[in-house]
Amino acid sequence: MTSLMPLTTVFPGLVWLMAALALVQGLRRAALWRVGAAAPVAWLDGLAKLPRRYLVDVHHVVARDPYASRMHAVVAGGLLAASILTALAILPPLAGFRPYWFLVALAFGVTAVGSLLVGARRYPSKQKRLSAGHFQILPFLLLAYAVGGTLTALLLAFGAGSGVFGSVALALAAAGGLGLAFEVRHGPMRHAAAGALHLVAHPRPGRFGGRPDTALQPLDLDAPRLGSEMPADFTWNRLLSYDACVSCGRCETACPAFAAGQPLNPKKLIQDLVAGLSPAEPAYAGNPYPGGRAAEGERGALARLIGPDARIHPDTLWSCTTCRACVEECPMMIEHVDAVVSLRRHETLERGALPEKAVGPVTELRQSGDPGGRPLAARTDFAAGVELPRIADGGQAEILLWLGEGAYDLRYGRSLRALVRLLREAHVDFAVLGPEERDTGDLARRLGDEATFQGLARENIATLAQYRFDRIVTADPHALHALRNEYPALGGCYTVVHHTAFLLELIRAGRLNPGRLPDLSVTYHDPCYLARYNGETEAPRAVLDAIGVARREMSRSGRRAMCCGGGGGAPVSDVPGERRIPDLRMAQAAETGAGIVAVACPSCTAMLEGVTDRKAEIRDVAELLLQAVEAGR
Amino acid sequence: MTRPRRDPRAEWAAQFVAGAGLRPRYDRTRRAAAGRPRRDPRSEREAQRVGAAARPRYDLGQAGRPLGEAVVAPPRSVPEAPQTIIVEAPAFLVAVVPDAPGGRLSGHDRQVLGAARALAGREGAVAAIVEGACEGLGAAGADRVLRLEAAEGYDPAARAARVEAALAALAARHTLFPESLDGGDLARRVAVGLREPLFTNAEVVAAKGLVRPARGRRVEQSLAAPRFATVAPDAAADYAGPPREARAVPIDGPTPPPPKSILSATRIPADPATVPLSLAEFVVSAGNGLTDLDSFRQVVAALHATPGASRVLCDAGLMPRHSQVGASGTVLAATCYFALGISGAPQHLQGVAGCEHVVAVNTDLHAAMIERAGLAVVQDAQAVMPALLRLLAQETAGRATGAGKAP
Amino acid sequence: MRIAVLLSAGLHPVSGAPVLPRVEAQAIRLAAGLAASSEIFGLHAGPEAAAVAEALGQGLDRIEHVAVAAGEDPVPALVARLAERAPDLILAGRRSQGGDESGLVPYALARALAMPLMPDVVAAAAAEDGALRLDQSLGRGALRRVLVRGPVVVTCHPDAPAPLAYAYGRARRGRVETVAIAPVATPAPALAAEERPYRRRPRIVKGAPAGGSAAERLKAATGESGPAGSGRLLIQPDPEDAAREILTYLRQIGVVAAPAEPKT
């Protein structure tokens, strides 16, 4: 070749060839996304915001692992720069300009260093969370392309491009480069192409705006098919998003169900969705679902995804606590929980295939407005001896206190009594709905029963429309999320405040004057639906600081906190695992040595209280504040 | 419907001391004929005195009057010599069709007879319609007994036909059935067969009328005593008076049975080892205080109980998940719950809230389960289990050799 | 095999909302489990079909609705329709929920259709040559297995397997057909009962004599008088003594058979 054409043409030509190959491979893959349902995508807006989304939002997640962040910056930056610079050398003036080739060699050199960093994660032994398979040859392809490119560019820079040595270097670069381009269809390099497109056409563009965009999208109950049964039922940009998965395994390290040995691994779940789309997909080579299930199932756009003999076992689906830890950790911005809920919707709405133990609570929710089938009037029984004004008496109040399902629980009643007494202490004008309050439907919605959720939401919205109030305060983050983020889509827009934020407000306004409890050592457990779903991590901590307790942080806290296991209907689904999620969380709390675990959610209270042989006490933030207020008198 | 009505005027008259001047005088110490015996605290106190030392000592644990016995002893062992009450010519009849499984009245049957007795009053007579031999009908309040021939096998339609014929012959003013599985079934067959309305599941049975719940216990319906009614369990009290005659009444010959559609019927007794926990009558449950689950299983088998477990054992995989007792497991409806090494978390106690009797063995005196228990043993369950097994083995051996009874 | 499941307009026991009675949902499950190839349909007689539409989401594809005015006896209309359709098996709940709850309708139907009735069934299976094997509940898990030749009316007991989950999508696809019918049988005689709000009454305490005084009944209720009294507590007894005490107690309450009696 070199005899026919100068290396200065062949080398850039190689890069153009690579680009063409990558495009072909990419388009072959993209053709599969077309089976997905249509989705509205703001293309221009997405394209304009792509750099910002990549450099700010993606980087923010990637940077949590500093090594990976540096590695990616060097290898991806080097690869892009070197390839673009080489491609530009197709222009004769640049091709003949020898210092330019020094620049190219430098870029390839940087890529080579990056390739070594990539290799160091996998050789001699692979990090546990990473996948093997095609990913194991990635460092070699990168290194071949980078080293071959560096040598070729250097030869050109020194003007010695016509020898045998040049051909060998070029061949090395071609082997690596074409290999990389080929991998765009099924291998590791797919994440680059699909990932970039995914950032443009993301199904939740709102999450790049700085505010959490976590509300489940309402399902059109008149649609011909409800939920997702097979890959073709997902929208095309969701299929695209699953292809963006780079199998880094950050989700599986964060997943509470995986840690507890329940048969769920978010990475494998996404990879099953990817593999379910195409029979040609190479075998998955990461950690399996715990429990060692081997069923492969049928593949293809129209193959059933869920079933005892399908790719995804129903137990996998019902293990998810919808805590969003996987979504929070995903550097590719994949929405795992949306996928889980979409699959659950089909199981529940079309097949009635709820987990056996969840049938009762969901049926009661539909029929009586409470998962326990208890009378709605009994919700205020916890307040025996505490005056609890009903909003029906006056028709209005400044604050509407939403009690939630926790009010029926004996233990949580204590927390609510503390909250009510604090509100009285601060002379807040508040009232409750009393027997008119129905469950928000959170449980039904997470379990996929959208019809029951929408029914309950409509009834609650109609009830709330009868009364005048400024804000809703609730101690239940699940109710808070539903009321604040999910009811607007059904026509109910309210200002909803979590009780910790409201109590902080009262303290700052001087309406509550807590004493200090310096003898208590407290660690705060973030509820998923407050921290991750709503980004509120500071208010409860500020309340704890205001009462002067010695506050310690668990290794996983704030938006990256671990779930208590109480969300997403997981307690009623009760999929067996090797351990229990709350036990794991309490072990993490015990590591801090704190005597009290402060909580701010009825589910967390119930789950953590249920841990046997625990050393620490479980106290709601409101209970601690009440103790401080009483100490300060 | 229960105690005889007091007549204060007559009581006063009985206490009148005659010929004591102008002012009437009454002897209030004299006992009223039908009333409760008057207490004499002084003599009661004297009865409690122990020994005859100079300093009086009293055993207060000993009741001066055997209050408890009247409650514990069955009605037939009333101290006074019972005299059979005979109603020679009843004004009307109240028929009762007890289940009488195995020729013995069930508790529910006695209650229905008690209810019928209350309806019959002094003038009426209670007629029991039974199949085959049945004992204790007189003591339970029956004045008449109709003995139908005992049927072979299970054929509810044929039984209903026989009862219909008997009732037609008897011409009772009221007919009561127990609202049990078989009794309720029979009552409906008979009522439909005779084209009579049936007042089901009466919770109050009195001469004034019957009351039943309806619409999910939101309302109650009341009615002057109807012709046909079924009586809910534990709604009426047993008959507590002196025994009745239970005179046998002859009945006509056999009725032709309706066509048979039942090819065979076999009774499958509940196997305590496999019966669903929510239906089990007697549950023995293991908790975190147990380490030796093999002897636990032996105890369960020896007591013919259904095994249960606390959440911790199920989580650890030591016991199957379906055996978990508690709010997140199974809520029990057992008669007796025997907790071995369970401290009693609130969720667990919710699961046993419906159990009538609880026996607990736990090392911790302050455990919630010990508080809940009717019989609480503060002892290591690991030590009690082998002792229990030994005791049961001894008894079995004793029975096998015919040597005698265990205490 | 053609199976009719009788559906009634029930009310939720707590909330009072219109629901399909649980035991009828269980009956649907029994029917669905009986034979995959059988034709199963629901049958409801009442003023409105919407009351039983929920059953479509719990395993029925088709419901026949016979219009009967509110408060009228549904039996004649049901008899007429069932005589027309002639199902091999008629399934019903043992009691309705939210109405009179007398459980008489299946009996009246069986009588009018001259079909045998098997009450309180918890499991059903097809046996050889067209017979049905039915398991009747005798309470506490005991069963009576009955082999019966159809057609037969069967009532379902609450101890039957739990109902299938409600599937909204299925409910959407199912259909309710209103059929016009001329009633043939005469309505059953009714009782004119007086109604008032329910008042909870104390249950009769076991062992309390009917003629006892209030004080005696209280003692019997609180269990203060008996030797088994309330809360006996043995602290650190000898294990052998503890075992003896426990066994005595268990025998007293009658869950363990007495030693000398042979086991029944």
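This is a predicted model: local features need pLDDT of at least 70, side-chain atom pairs count only at pLDDT 80 or more; totals for chains, interfaces and linings use all residues.
Contact here means heavy atoms within 4.5 Å.

I start with chain A. Seven residues of chain B are in contact with six residues of chain A. Put together, these two chains bury about 620 Å², and 34% of that lies on carbon and sulfur atoms. Which residues of chain B lose the most area to chain A? They are Arg311(B), Asp315(B) and Arg321(B), and together they account for 56% of what that side buries.

Two salt bridges are found between chain B and chain A. In one of them, the side chain of Asp315(B) meets that of Arg580(A), with 3.0 Å from N to O. Asp315(B) has come up already, as one of the residues that lose the most area here. By class, the side of chain B that touches chain A has one nonpolar residue, three polar and three charged. The count of residue pairs in polar contact, with both at pLDDT 80 or more, is two.

Next, chain C. How many residues does each chain bring to the contact? Chain B gives 93 residues, and chain C gives 93 residues. The area buried between chain B and chain C is about 8300 Å², with 58% of it on carbon and sulfur atoms.

On the side of chain B that touches chain C, there are six salt bridges to report across to chain C. An example is Glu195(C) with Arg215(B), where the closest N and O atoms are 3.1 Å apart. Residue pairs in polar contact between chain B and chain C come to 38, again with both residues at pLDDT 80 or more.

What part of chain B gives the most to this side? That is helix H11, residues 381-401, with nine residues. Sorted by class, the residues of chain B that touch chain C are 53 nonpolar, 15 polar and 25 charged.

There is also strand pairing between these two chains. Strand E20 of chain B, residues 375-378, pairs with strand E13 of chain C, residues 232-235. The sense is parallel, and the pairing runs over four bridges. Within it, Val378(B) has Ile235(C) as its bridge partner.

To recap, chain B and chain A bury about 620 Å², while chain B and chain C bury about 8300 Å². The salt bridges number two with chain A and six with chain C. That is the end of my part.

How values were computed: Residues are numbered from 1 along each chain as its sequence is written. Chains are lettered from A and ligands numbered from 1 in the order in which they are written. Side-chain values use heavy atoms; hydrogens and water are left out. Buried area is the accessible area (1.4 Å probe) that two parts lose on being put together, summed over both. A salt bridge is a side-chain nitrogen of Lys or Arg within 4 Å of a carboxyl oxygen of Asp or Glu. A polar contact is a pair of N or O atoms within 3.5 Å; within protein, one must be able to donate a hydrogen and the other to accept it, and residues adjacent in sequence count only if both atoms are side-chain atoms. Ala, Val, Leu, Ile, Met, Phe, Trp, Tyr, Cys and Pro count as nonpolar, Asp, Glu, Lys and Arg as charged, and the others, Gly among them, as polar. Two strands pair if DSSP finds at least two bridges between them.
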